[in-house]
Amino acid sequence: MSSNYDATEFVDNDFQAHKSPFSAAAASAAQSHRAPTREEVDSRVAETQQKLAEHKRALESLERERAALEETRRRQMEFHTGRQEMLESLTRGVGLLEEAEFSSRRDAEQMAKVLADMRDALSKIEGFQHETWTKDNFTTELTRALTTLENARMEWNAARLKFPVLSGPIQEGDAAAPASRGPIQSLFATHTFGELCRLGFALTWPLAGVALLALTALLVFLVRH
């Protein structure tokens, strides 16, 4: 009499339990030697591309971080280099300017003193009242005036040596005026006849005195002999 077929009736469960580890290993070995399917290759390609994209993003992030660090290092080097440069330049500049300031202050003090002396000499020369000289005080006043002029000339020459600006080029108008007339013409133009006579007497009386003394000595010698 026929009955329904049941496949489990012919399966030994104990045998299958003891057989399964070896069967799984055999199946895994067989699968490892099996050629990959198209779906598996596509999946591996997609997985690899995803990993590459992640690595690319990580590399770009590292590149940006490296560029930021390089910029920070460059700015730090620029800071240290600029700081050292400015320290040296400013220290040297302060020293030079302090020395120049001291020299300028000293020159200014000397200039102020020379200026005061020149003003004093100018005041003395402008104060000459030669038209009021008399025959009695002519020699004394003339000697005093010549001494004052000599001191003023020495003061002027010393000032010219200290300050080159005083030896600047003479203006054409100033240079043409003395050249247009000689010293004799200038003398006659600036003094009256009486003043010239007194000046000539002051210049010749020492010679006349010497000649008079020589003549007196000669006469005494002749009388004694």
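Start at the second largest pocket, which holds about 150 Å³ of space. A pocket, on a 1 Å grid over the protein atoms alone, is an open set of points where a 1.4 Å probe fits, with protein on both sides within 12 Å along at least five of seven lines. Its volume is the space filled by probe spheres set on the points, joined across faces, edges and corners. The model is predicted: local features need pLDDT of at least 70, side-chain atom pairs count only at pLDDT 80 or more, and totals for chains, interfaces and linings use all residues. Residues are numbered from 1 along each chain as its sequence is written, and side-chain values use heavy atoms, with hydrogens and water left out.

**Select the lining.** Pick M118, A121, L122, I125, L149, A152, R153, E155 and W156. Lining residues have an atom within 4 Å of a point. Two elements each give two or more residues here: α2 (38-126) and α3 (138-162). Helices are DSSP runs of H or I with at least four residues, numbered from the N terminus. The largest share, 5 residues, comes from α3.

**Colour by class.** The lining has 7 nonpolar, no polar and 2 charged residues. Nonpolar covers Ala, Val, Leu, Ile, Met, Phe, Trp, Tyr, Cys and Pro; charged covers Asp, Glu, Lys and Arg; the others, Gly among them, are polar.

**Select α3.** This helix has 25 residues. From first C-alpha to last, α3 reaches 36 Å, close to the 36 Å expected at 1.5 Å a residue. The expected span is 1.5 Å times one less than the number of residues. Now show F138, L142, A145, T148, A152 and A159, which are buried in α3. Buried means under 20% relative accessible area (1.4 Å probe, protein chains only). A152 also lines the pocket.

**Stop at T148.** Which residues does T148 touch, not counting those up to four places away in sequence? They are K124 and F128. Contact means heavy atoms within 4.5 Å. T148 counts as buried because its relative accessible area is 17%.

**Zoom out.** The protein chain has 6 helices and 0 strands. Of its 225 residues, 6% count as buried. The chain exposes about 19,800 Å², with carbon and sulfur atoms supplying 61% of that. Areas come from the Shrake-Rupley method with a 1.4 Å probe.

Methods: Buried means under 20% relative accessible area, exposed over 50%, partly exposed in between (1.4 Å probe, protein chains only).
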